[in-house]
Amino acid sequence: MSNPQKTHAPILKVEHAAISYETRYGDVEAVRDVSFDVHRATTFGVVGESGCGKSTVAFGIVDFLGANGKIVDGSIKFQGRELVGRSDAELRKLRGDQISMVYQDPMQALNPSLTLGDQLTEVLTIHRDISNQEARERSIEMLKRVYMPDAANVMDRYPHQISGGQQQRVVIAMALLNNPALLIMDEPTTALDVTVEAVVLDLIEDLKRDFDTAIVYITHDLGVVARVCNEVGVMYAGEMVEVGSVEKIFGEPLHPYTQGLMRCVPKLGSTKEGSILYPIRGRVPAPKDRPKGACIFAPRCDYATDRCLSEKPGLISYREGHLSRCFYSDEINPEDWSPSSDMISSFSPQETAPAGEPILKIDDLKTYYDQESKSLLSLVGMGEKLHVKAVDKVSLEVPKGKTLGVVGESGCGKSTLAKTIVGLETPRGGTAEFLGFDLSVPVSDRDVKLIQDLQMVFQNPDSTMNPSYTVGQQIGRPLRHLGKMHPSEVKEEVIRLLNAVRLDGSYYKRLPRQLSGGEKQRVGIARAFASQPELVLCDEPVSALDVSVQAAVLNLLLDIQRDHNTTMMFIAHDLSVVRFFSDYVAVMYLGHLVEIGPAENIYSPPYQPYTEALLSAVPIPDPTAEQKHIRLHGTVPSALNPPSGCPFHTRCPRRDLLPDGGKICETEEPPWQYNTEEHRIYCHIPLEELRTFDPVVTSR
Amino acid sequence: MFVRDYMTRHPVMVEPNMSIVEAQDIMAETKVRHLPVAGEGKRLLGLITRQRMRIPPTELASLNVWEITRYLSNLCVKDVMVKRKNVITTIPDIALEEAAKVMTEEKIGCLPVLEDDIVVGIITEIDMMTLLTDLLGGYEAGVRVTLRMPNQKGELAKATGAISDQGWGIYASGGVKTPKDPGHWDCVIKVRDVSQEDLVAVLEQIEGHEIIDVR
Amino acid sequence: MAAAEKASLPKEQQKSRLAKLWDRVSIIFESKVALIGLIIVLFWVFVAIFAPLLTPYTPTEQDYTAQNQPPSRAHPLGTDSLGRDIWARLIYGARVVLVMLPISDTFWLPLGTAIWGVLLGLIVGSTLGLMGGYLGGWVDEVVMRILDAMMAFPVILLYMIIIAAVGASATNVVLAIAIVGIPGIARLVRSLTLDIKTRDYIRAAETRGENVWYIMFVEILPNARGPIIIDAMLRVGYAIFAMGTLGFLGLGMPPPSPDWGSMVAKGRQFILSGSPWAALWPSVAIASLVVGLNLFADGLREESLRYQ
């Protein structure tokens, strides 16, 4: 049917909206001057880093701002109707019938004490005059539309009985049952694993097409934006700084902030040697430091002029449908950008040094957790002992001075592997050796030299530092305790370490609550490197940081590694970050290693089928890139009772390449097949066949 | 080719207790001329159109200038709308031409589309126009030829067969009985990947068919 | 610090130390509730410290000519059945509770029985709570069962058993307060520990091979101080109340010590005969001090939670 896009008025029209919160110190402006339109059957992405106000905008549309939030200026029109200033009762009615919200945490929308069926049918029966039976049928239909396996049975289950991805699907089904004109989604897939996220994103696309819904999609992930959004609004420090179609925003960004963001996002395919990530210097201004009469990005902008500091730009329309809050967008060409002097010296592309001797050797490592069985027999001590096989038969080697990236989704065992190496968990079997030390010894019994040489960087910047002590005290502690350094020398060494992570000496006296996320993470790195370790394990060190800060921290780690020839093991779930950062990559699934080798080999064929599915699922921050569309169905099996044979056989999309539909995958454990000396794959499918697969990503 | 395919989903709607002034603002802001009036759960309660906004003169006759202003500002949608029982509606699964017949016969500009009495969309004259344009291939580039043929079985197949034999694609076609000539039938065909001359050359060959117009 | 360096710090750090201290203290003034509580408590501390200066009488001075007198110019709050000035007895009674701990006839420590009792309870209770929460396993089981056993006794009964067993003296009261307070403090610290031990900085400390005592007392405990301090203040109030009860039951400090509780007990008989003063004022004193402490603690807790 070839009718063109009807020119209807936008479903949502936001004009110069400003939202503030009341606090002890007065009113804080969270959002200032945001304008955008959302049409039917379009997804409008609101993108920005933490603190930019994107969630505030989303909540502000439906006035879910809490007791102390208020819309102080501007207009928000839904279907031509002004929402600002409406009474609670009117808004509630609109919210029920025509606007739906989906949150990051599905349990915010689901009642844990009612069955899913009850909650779904309630949405229908409350508003319409239909029988329970009819409502139930419609609900099952909707569940099928969101690809919920076993829809009829799911109706009788409780929320805690289904997985996170399935919960989110139920929430989306609930949101769509009343056929809303506007759907607001606030980071709905951030908490989900990559493969599950891919399925949910596909779902959102389908539904938009079928129901003509207008969607406002809030996220910080540029990859997701490229995949699902048609139009994008970029927010910075409470203001919308650029609005345009998704192709324009990624292909020809106009605002210096957007251009900066594009430069610090790792793209699948770039290598450590090939491309460098450039962070945006400076910090996001706190709400009270945002000037009203100047461009808020000017302090961090490479192109700022006097005019930028004294006059505030409005959203200027440079091309049809593409606006930018900058006076000079026409004159700035991102191709001509070159890094400033303080960035150049640190980030020269690195040559591949030849691989040294393996410094960490792990062979057939098994770490199991005992599960308390709930049967009566176990009370008497006679029950079956259940184990969670967190790490099962993992063997790998890491050469000195190189980085091994470990990827996998939640529950794959990568964190447990790190904890076992560091000594926080004790292995059940297998050997692990590092510099001649046996790693199966728990940390409390380890030699001081081993502890000095094996340190860890943690994931969450907010909990990596003890809030009661200053930065100087915390970095100094390993020096005093492990290094047996004389107290008078400690302060000097701490300052040297602070400088190495690009923080100046004034940070010595600061408390963690005075630091930003990126700064805290850097202090964590300084603390880990204080004892000059040979091997540093980084457990998702940048996952909790904003994109622009990630780049800075990653570059920092690279520099330190190069300066000290430290070996690193980098655990992450973000495949593009791992690619940028690692020399070798290991892919884990359900406690098993399924593929390991040099990074270039992992990201190009031959692939282990799970790796292929993982790479197909990662959202790439490039709307023009072509990516295979392999999706995994079902959920990750329980680690208490892992599948026989190959752990991936229950979900493998390539199983039918083997005779009998892959019977062998169920009965026998796959062999390790060596593609090259360093690259091996854990699969029954013959290597020649694996080599014939097309690469997952091809960018134009 | 059902109502569901051409209707506008999520139509702009108003509530019965809304003031006329507000309803007018909404009409202006969203550029629509028909507003379904909905209650709880998008249940249809009535319909308001620009024409309906006119106040019957008999109501106003007895009021003076000041009272008129007050009367007008107090006017609610429910005072002016067409009540539900008088609103003609349709359902998504009806053929488009059936809906069009209703609109012509009743001389109305729009039909709210309901499912269980809940408004799921609206189909208007403009949508029918879009359908018409689509049917005749108005949005596509190509050669448009009007053929007059005898009103008999198999004649149309001759024309389409001749075109497809040449490997050309047909975008759209629509036919009607020739006005004032029941023995004949006019058919418009939009063809792509072809030049006017080539197309004319082929269609001229067909016996009994006359090319009325080509552009 | 050099001026240039100082200027580069965020505004917060540029204030002088005094200013920073004031910032924290000013929280109290934000809450009217906390302020009222503080004023009441400070009143009693003040009169306790300066007791000798605030009354011409001693607490044991008896005057048979002025028994059970109502408030007058000579005796601001009246006298009791032995002619002793009630005001003098009240403020000297406050001394033992709040300001002075008599160990023996000649030796005394600053801070009163209530405060020492709570401090002792804090030390022992926190240790038990930390051990149970952090070490887990059988240590936790043992600690929890001990606490359960202690909590099985109603508080007053426990007090009575202890005092009856070891006799009533200031140090024994301290011991009793400590023992009674241990289970509550231990449970609080244990639950705080369970939460704190999941943080990454504890993992970091473990990765450094720090021993368990270091982790418990240096890494965990300082981060639990907020709720512990507030709980401690409430406990001082409970302790004072308990001492009043003990005194009333005859298990308090032996006469002629100006124990508020026993004052109430002695004065009870005379209420209906028209001289309620000997019973009234000590009751008011107990109530006001306990309420003051409660208000102060509550107000602080509310303020610290409000802008979370």
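A polar contact is a pair of N or O atoms within 3.5 Å; within protein, one atom must be able to donate a hydrogen and the other to accept it, and residues adjacent in sequence count only if both atoms are side-chain atoms. I will need that term below.

**Entry 1: ground rules**

I am working with a predicted model, where local features need pLDDT of at least 70, side-chain atom pairs count only at pLDDT 80 or more, and totals for chains, interfaces and linings use all residues. Residues are numbered from 1 along each chain as its sequence is written, chains are lettered from A and ligands numbered from 1 in the order in which they are written, and side-chain values use heavy atoms, with hydrogens and water left out.

**Entry 2: domains 2 and 4 of chain A**

I looked up the domains of chain A first. The assignment lists domain 1 (12-229), domain 2 (250-268 + 277-345), domain 3 (358-585) and domain 4 (604-698). Such bounds come from an automatic or database domain assignment.

I then took domain 2 and domain 4 of chain A. Their C-alpha centres are 42 Å apart. I counted contacts, meaning heavy atoms within 4.5 Å. Five residues of domain 2 of chain A touch six residues of domain 4 of chain A.

Next I checked buried area, the accessible area (1.4 Å probe) that two parts lose on being put together, summed over both. Domain 2 and domain 4 of chain A bury about 460 Å² between them, and 89% of that is on carbon and sulfur atoms. On the domain 2 side, A:F250, A:K267 and A:L268 lose the most area to domain 4 of chain A, together 87% of what that side buries.

How many residue pairs are in polar contact between domain 2 and domain 4 of chain A? I found zero, with both residues required to be at pLDDT 80 or more. I also looked for salt bridges (a side-chain nitrogen of Lys or Arg within 4 Å of a carboxyl oxygen of Asp or Glu).

I sorted the residues of the domain 2 side that touches domain 4 of chain A: four are nonpolar, none polar and one charged. Here Ala, Val, Leu, Ile, Met, Phe, Trp, Tyr, Cys and Pro count as nonpolar, Asp, Glu, Lys and Arg as charged, and the others, Gly among them, as polar.

**Entry 3: chains A and B**

Of the two pairs of chains that touch, A and B have the most contacts. I find 31 residues of chain A in contact with 28 residues of chain B. The two chains bury about 2,500 Å² between them, 45% of it on carbon and sulfur atoms.

Four salt bridges cross the interface of chain A and chain B. B:E15 forms a salt bridge with A:R81, with the closest N and O atoms 2.6 Å apart. I count 13 residue pairs in polar contact between chain A and chain B (both at pLDDT 80 or more). The side of chain A that touches chain B has eight nonpolar, 10 polar and 13 charged residues.

**Entry 4: chains A and C**

Here 29 residues of chain A are in contact with 23 residues of chain C. They bury about 2,300 Å², with carbon and sulfur atoms giving 53%. In chain A, A:R24, A:F458 and A:R477 lose the most area to chain C, together 25% of what that side buries.

Which residue of chain C forms a salt bridge with A:R477? I found C:E210, the closest N and O atoms being 2.8 Å apart. The rule finds one salt bridge across the interface of chain A and chain C.

**Entry 5: chains B and C**

No contact joins chain B and chain C; their closest C-alpha atoms lie 38 Å apart.
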